[in-house]
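Welcome, and please open the structure in your viewer.

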Amino acid sequence: MKTGIRAKISALGTYVPPKILSNFDLEKMVDTTNEWILERTGIRERHLVEKGMAASDLAVGAVRNLVERHGVDLNEVEAIVLGTVTPDMMYPSTACLVQHKLGLKNVWGFDVSAGCSGFVFALTTGAKLVESGAHKKVLVIGADVNSSMIDYSDRSTCIIFGDGAGAVLLEPAAEGEDVGLIDFVHQVEGFGGEYLCMPGGGSLNPASKETVEQNMHVVHQDGQQVFKYAVKKMAEMTERVLHKNGLTGQDVDCFIAHQANKRIIMATADRLKMPHEKVIVNIDRYGNTTAGTIPLAMMTALEEGKLKKGDTLLIASVGAGFTSGASILKWAF
Ligand code: UT7
């Protein structure tokens, strides 16, 4: 159904837990160096939860920040779409737990499991709820507690990931207002599942003494395979969405890529011939927060004055699955 309605992001909030794990801390835990991590990934430090803090708590923190910044009335929210691969538990969904913790009434919602593309996929899903005319206010959240599934003796994974969350409010753009989600391209390619996964705890390998002994409840990653795919796919998806809309990298005012590795972000920017000052990088402070990276980077872009009302924003992600996506938005505030 085409309604002519466009969904705009009208508010943004973020949350990271206070505890910081620096590269120097990691030097004391595994055989690595600050120089290696900085050079290979661009990461200096990441935030980690204290025991007992779950994805729903990060999500609630991000929504509360959104309310503080924008004075949103949460009673008007009608749906929650939440991207995460570190839900509080297998079920109920983290969206349900967030609804309860925030005390929202007359709202429905669900989780989106798309790895590092969790926020991008959730944003499109939420936008469709608005564009269809079904809903006027939809919360889209990306929240991950990666530290809950990292083996802190595996130097190739523990250096990358951090914990964090971001939330946006979607609502219909006013008539004639040239803002909101313009278009997207998304894809999944399940052959990549084996290269980045947590094999234990699902219906295939339910939790048991054996699965714990075999270290199946932590992230297993073939970094090189993921890296190669990410560099190729992020360029392909961004070029596809731009081309589909008659645009090039020169038409983009601000580029926010999923923050997994600074080398992947810059390779994509260079392929699009995008000046580096238009590229948002905050991986040095947060590491890879999976579904949290894009809203966290939106906040960085606003703080650095690199994202303003009316700007054309390109967002892109590649993640476990493999999942990938790129979307074009006109920024609304
Ligand atoms: O959001 C999606 C999630 N994940 C990603 O996007 C990750 C994509 N992959 C990457 O970012 C990179 O592959 C890593 C950062 C994970 C690894 O960097 P790399 O440049 O691909 O390193 P590598 O795996 O090719 O390893 C090169 C060397 C190896 O030593 P040898 O075999 O050459 O002696 C590794 O054992 O670096 C070693 N190494 C390390 N050395 C110091 C691996 N991790 C570390 C470390 N510190 N933390």
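Helices here are DSSP runs of H or I with at least four residues, strands are runs of E with at least two, and both are numbered from the N terminus. Angles run from 0 to 180 degrees between N-to-C directions, with axes fitted as lines to C-alpha atoms, for helices over the stretch in contact. Contact means heavy atoms within 4.5 Å.

A word on what you are viewing: this is a predicted model, in which local features need pLDDT of at least 70 and side-chain atom pairs count only at pLDDT 80 or more, while totals for chains, interfaces and linings use all residues. Residues are numbered from 1 along each chain as its sequence is written, and side-chain values use heavy atoms, with hydrogens and water left out.

Two strands pair if DSSP finds at least two bridges between them.

Zoom in on β11 and β12 (residues 312-319), which pair in the parallel sense over four bridges. A cis peptide bond joins G321 and F322, with omega about -5°.

**The five-stranded sheet**

Move to the other sheet, which is open and has five strands. Its order is β1-β7-β6-β4-β5, again with mixed pairing. The edge strands are β1 (7-15) and β5 (108-112), and each pairs on one side only. On average, neighbouring strands are turned by 20° against each other, direction ignored.

Select β4 (residues 79-83) along with β5: the two pair in the parallel sense over five bridges. Within this pairing, I80 has G109 of β5 as its bridge partner.

Next, show the helices on this sheet. Helix α3 (residues 55-70) packs on it and touches β1, β4, β6 (138-145) and β7 (163-172), with a direction at about 115° to that of β1. Helix α5 (residues 118-131) also packs on the sheet, touching β1, β4, β5, β6 and β7, and its direction makes about 165° with that of β6.

**Stops in the loops**

In the loop between β4 and α4 (94-102), select P92. This proline is joined to Y91 by a cis peptide bond, with omega about 5°. Carry on to N106, in the loop between α4 and β5. Phi of N106 is near 50°, a positive value in a residue other than glycine.

Then pick E50 and K19, whose side chains meet in a salt bridge at 3.9 Å, N to O. E50 lies in the loop between β3 and α3 and K19 in the loop between β1 and β2 (20-22), so the pair ties together parts that are 31 residues apart in sequence. A salt bridge here is a side-chain nitrogen of Lys or Arg within 4 Å of a carboxyl oxygen of Asp or Glu. The whole structure has 16 of them.

**Where the domains meet**

Finally, zoom out and colour domain 1 (7-172) and domain 2 (180-330) separately; these bounds come from an automatic or database domain assignment. Their centres, taken over C-alpha atoms, are separated by 14 Å. In all, 53 residues of domain 1 are in contact with 45 residues of domain 2.

How much area is buried between domain 1 and domain 2? The value is about 3600 Å², of which carbon and sulfur atoms give 65%. Buried area is the accessible area (1.4 Å probe) that two parts lose on being put together, summed over both. Highlight C116, V120 and M149: they supply 17% of the area that domain 1 buries against domain 2, more than any other three residues. Across this interface the rule finds zero salt bridges.
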